[in-house]
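I set out to read through this structure step by step and to note down what I looked up. The entries below are kept in the order in which I made them.

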Amino acid sequence: MSILSLTSVSKSFGALTVTDGASFDVPQGQALGIIGPNGAGKSTLFNLITGNLRADAGSIHFEGRDVTKVSAMERCLTGIGRSFQIPQPFEKLTVYENLLVAATHGRNMSEAMVRDDCADVLERTELIRRANTPAGQLSLLERKRLELARAMATQPKLLLLDEIAGGLTEGECQALIATIKDIHAQGVTIIWIEHVLHALNSVVERLLVLDFGKVIGLGDPDEIMASREVREIYLGIDV
Amino acid sequence: MIWVDTIIQGILLGGLYALFAAGLSLVFGIMRLVNLAHGDLIVMGTYLILLLVTLLGLPPFLAAAVAMPVMFCLGWALQKFLLNRTLGDDILPPLLVTFGLSIALQNALLETFSADSQRLPTSALTTASVQAGPISLGVMPLLTFASAVLVIIALNQLFYRTELGRAFRATSDDATTASLMGIKPANIFAIATGIALIIVTIAALYLGLRANFDPNIGPARLIYAFEAVIIGGLGSLWGTLLGGIIIGVAQTIGAAVNPEWQILAGHIAFLLVLLVRPRGLFPRAND
Amino acid sequence: MALLQTRDLIAHYGDFQALFGVDIELAENETIAIIGANGAGKTTLMRSIAGVLNNAAEAVMFDGTAIGTRPADEIMAQGVAMVPEGRRLFPSLSVEENLLIGTYGRKTIGHWTLETVYDLFPILRERRNSPGTALSGGQQQMVAIGRGLMSNPRVLLCDEISLGLAPVVIKDIYKAVPAIKAAGASLIVVEQDIAQAMAVADRVYCMMEGRVTLSGTPDSLSRDAIHDAYFGAGH
Amino acid sequence: MAYSVTTQTPASRIASIAGLILIVALIALPFFAGRGTIQDMFFILTMLVLAQFWNLLAGYGGLVSIGQQAFVGMGAYALFGVVILWGLDPVPSILLAGVAALIIAVPTAFFAFRLNGAYFAIGTWVIAEVVRLLVAQWKTLGGGTGTSLPRSATKDMWFVDLIQDGLGVRSAAARDILAYWLALVLALATIGGIYWLLRTRRGLALAAVRDNMEAAKSVGVDAARMKWIVFLTSAFGTGVAGGLIYMQKARISPDAAFSVTDWTAYVIFIVVIGGIGTIEGPIIGVLVFFALQSLLADFGSWYLMTLGVLAILIMLVAPRGLWGLFSERTGIQLFPIRRTLRGGKLSETKE
């Protein structure tokens, strides 16, 4: 059964169409990667799925329910969690408090009930030693981890990751991949936008290629990457 | 017939409110700044004109012409040295600084000119009226309205026909990119506030000629101006004129029913528009 | 001597450090390309040179003067113009007005005028009175480049000018580069499209994580070296 | 070892002990202070309450209102209304004052929330004007000229007899003492209530929305509901304070009860000077404000001019106010809300 399904979803900003009739399904428990050149509309697609943007046309179903017109806040409560491409921490709150906001509101529970869960997420994302540091003081890697941790704190069924590995060193990237694999192994469905292909390919089972807001390829990662068309569009070079 | 007269008086009154509002609208349009001292600046303009009239013996219209460059410089300096420093993502600093300015200005006027109400000297012109069929129209209200229309035409010409207007629009769209094109947003903002204070001077002239004034009436002028701007839709100058007219007509109709209801009727008209069209009658697309 | 140079350029956004000591050089009449993945610091580098971000004075040298602390409008007046990422046309200005903004408040003497820009991109002459936002992406990019040229700059900074454009359109836009060089400007081109960068540039810098990881002439750089510098080793 | 959370700091522990001593002293004040001091303290405490609620709105909720006089005036008029028309005792009527303010806060929010930022500010001001003009039409309460509380009502107020006998003071002084004690209760409840709110998950949500609205929505924070909660809470508290202030004054008029200077401008200055966005700020601010007023009150408009200029300077030079300056230097917070995680892996090594 598919946990998420998009049917002919479109979005324009003025004359510019950034999502152009996107239709695809994500089966429960799968990890789907999304690639495409800059400006292809990847982040817009995410914002449409999470409700930070409202689609102009088409419909989005989550667990069989039509959520096309549902707010971002409610979509979070139904089980859609996300990270932002440019980390958006609550800078004046500590790392622990960042998670606490997400856990108490995203799951509608009291602080005492979620305390240990938050600590657990902090341990798994290797942020525990920074628990009491204001998020504004974190390094890039830590901010990326916090994005992941905060999304995890809402205990999502579907987790959307937006370029979470970008700008990290190889070692940092490997550690992050391990964390994401671990989350995936627990049955969380993942959709992941990433430029760092090797990171993406070590996790996802399916790959979706976006260009000019259109889905131009969807399938097995190796086959997709092997297709000449995709290589040309994505990298702009014949490799 | 009395109703037609009431409505026409209201439309002409709307001209005055549009004059109050045009400066506020200009400044907001370019730098998204709401100047809470706007009403007090109008009152200050009126006192400046009064001062020129009494000290130099100038007729009010000439005094206003002399006051304009002074007010321009004041606006320029105010923006350059004070208000520019408050602009940013946080809305608190500009609000609180202009609110502090409003209180300080009001009390400076009180200290200097006392709380007694004053009036600019009237002449034959200011009390004259013309007969249009069965309706008698004051020359002063007609002049006020004509001035409002002229100010709005002039602003539109400035915006769409001059290099400065181009820079205004570009800075309003995107100040960072404008600076990449060699425009200094800080200077553009200072000039805009200077121009707003020229319009304030025109509004001040008619405010002083039309009725008595004292240092405390600024905030009410700010509120009328604000209502006209919101009704018209943020950033639309012709909308601002229409907004002024709606407030003016509502007030004269309210006053015709019961003199105590004049101000209230204007506010209620504003709330009704807000209820039906939260973004005003002519909203700009990209706000 | 280099026309434009950065020396140990460091940039922060709040607590977050985006550039860690970047050194690049641009000679008179040269074109250099900066390549790198998202978040590598390319746009930050451009914004630092153009004066949107403040740096140490000596960190950016132009024509022998330290300009690192100058505001954007002064740097522009000195002769460094920028075509910003995402084109950033002024939505309330027409095409022609957008171009004229490049000459605000000064008389510029040089090759580029409304006429010569229209000759470079003839389609803009037809659409001169349309609002900038009504144009296609490629046409908007032409306006953005034209707007930068109108000040007759000595250095033109082009940030991701092929972003979101179809390959055919990108080719069209890059056709203008020889004319721009012929009129006497030096170019810094930020590109994600590696092939395009290689084709147009005299020299290439590759950035990763706020540092230059590779530089040289296009011929001297192997595909593998670029890949490693671009994505990090291991792919 | 399991994890635990604390918000206490050494400074806050000392502060809470000092606070308890201060509260006892304040309760006992009428036993040894003169009537003038009691009246001054009443003024300080009621202004503090207004300042705390405006700070909750603007400092924590990001809702800059210039229309707080609507709630002061409405609360005050409601109190006069139920005392004069229904014959209720003024003391319990203070709570009805809050309810009345709450009732007009609902339509106010409905209109004002349609406006953003600065326009929200003026919008609340317009609505306050509308309420003032409507109340001025209420002829039974004196219309535009206002009215007084009937002597019978003020004389027989709850507790006045007790205080009169217990402290051996005259009826007028006993009423002042009663008003003072009520103001003290209100101020403590306000500070305690706001501190409690900030320490709940709603308080976290407020901070999150202030930092990053989009991200807050994406983790399930209902930003719209937070706005309503803050606005209505602040209206209720401001209305209660308004009722209490005019119970003590015993005379009301629309111009005084809906004065933008008295009930909003002063309050804004108090918060800005003391430090916006902290509980300590309004406390410091009201003390500075009272000191300035005592020094400069004879100079009339010079006093207000000074306040206006001072607020501008603070906003430009030290936007976090006097407490902010102190707190940044020393790191001291008397009302800490930061949750510190302890135990577990954090206790393995000292940080």
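What follows are my notes on a predicted model, grouped by topic.

I began with two pairs of chains. Chain A and chain B are joined by no contact, and their closest C-alpha atoms lie 10 Å apart. For chain C and chain D I likewise noted that they do not touch, with the nearest C-alpha atoms 14 Å apart.

**Entry: two helices in chain A**

I then looked up how helix α5 (residues 140–153) and helix α6 (residues 170–185) of chain A are placed, and found that their axes come within 11 Å and cross at roughly 5°. Angles under 35 degrees count as roughly parallel, and α5(A) and α6(A) are therefore roughly parallel to each other. On the α5(A) side I listed Leu141(A), Arg145(A), Leu148(A) and Met152(A), which meet Glu172(A), Ala175(A), Leu176(A), Thr179(A), Ile180(A) and Ile183(A) in α6(A). Sorted by class, this contact of α5(A) with α6(A) has seven nonpolar, one polar and two charged residues.

**Entry: two helices in chain B**

For chain B I looked up helix α1 (residues 2–31) and helix α10 (residues 218–232), which pack at an angle of about 75° with their axes 8 Å apart. An angle of 65 to 115 degrees counts as roughly perpendicular, so this description applies to α1(B) and α10(B). From α1(B) the contact draws on Tyr17(B), Phe20(B), Ala21(B), Leu24(B) and Ser25(B), while α10(B) brings Arg221(B), Leu222(B), Tyr224(B), Ala225(B), Phe226(B), Ala228(B) and Val229(B). By class, the contact of α1(B) with α10(B) has 10 nonpolar, one polar and one charged residues.

**Entry: nonpolar cores**

Next I turned to the nonpolar cores. The largest has 312 residues, and those with the most contacts inside it are Trp192(A), Leu45(C), Ile49(C) and Ile188(C). Its largest share, 16 residues, comes from helix α2 (residues 35–60) of chain D.

Is Leu89(C) buried or exposed? I noted that Leu89(C) is buried, with a relative accessible area of 10%, although its place is in the loop between β6 (80–83) and α3 (95–101) of chain C. Apart from neighbours within four places in sequence, Leu89(C) is in contact with Asn98(C), Gly132(C), Gln140(C), Val143(C), Ala144(C) and Arg147(C). I also looked up Ala179(C), which is 90 residues from Leu89(C) in sequence and 22 Å away in space, C-alpha to C-alpha.

**Entry: Ser130(C) and its contacts**

Ser130(C) is found in the loop between α5 (122–126) and α6 of chain C, and at 16% relative accessibility Ser130(C) counts as buried. Leaving aside neighbours within four places in sequence, Ser130(C) is in contact with Ser94(C), Val95(C) and Leu135(C). Ser130(C) and Ser94(C) are 36 residues apart in sequence, and their C-alpha atoms are 5.3 Å apart in space.

**Entry: Gly36(D)**

Gly36(D) has its place in helix α2 of chain D and is partly exposed, with a relative accessible area of 40%. From Gly36(D) to Leu22(D) I noted 14 residues in sequence and 20 Å in space, C-alpha to C-alpha.

Last, I looked up backbone angles. Ser8(A), although not a glycine, has a positive phi of about 45°; this serine lies in strand β1 (residues 2–13) of chain A and counts as partly exposed at 40% relative accessibility. Asn152(C) also has a positive phi, near 50°, and lies in the loop between α6 (137–149) and β7 (155–159) of chain C, where Asn152(C) is buried with a relative accessible area of 17%.

Terms used. Residues are numbered from 1 along each chain as its sequence is written. Chains are lettered from A and ligands numbered from 1 in the order in which they are written. This is a predicted model: local features need pLDDT of at least 70, side-chain atom pairs count only at pLDDT 80 or more; totals for chains, interfaces and linings use all residues. Side-chain values use heavy atoms; hydrogens and water are left out. Axes are lines fitted to C-alpha atoms, for helices over the stretch in contact, and angles run from 0 to 180 degrees between N-to-C directions. Helices (H or I, at least four residues) and strands (E, at least two) are DSSP runs, numbered from the N terminus. Angles under 35 degrees count as roughly parallel, over 145 as roughly antiparallel, 65 to 115 as roughly perpendicular and the rest as oblique. Contact means heavy atoms within 4.5 Å. Ala, Val, Leu, Ile, Met, Phe, Trp, Tyr, Cys and Pro count as nonpolar, Asp, Glu, Lys and Arg as charged, and the others, Gly among them, as polar. A nonpolar core is a set of buried Ala, Val, Leu, Ile, Met, Phe, Trp, Tyr and Cys residues joined through side-chain atoms within 4.5 Å. Buried means under 20% relative accessible area, exposed over 50%, partly exposed in between (1.4 Å probe, protein chains only).
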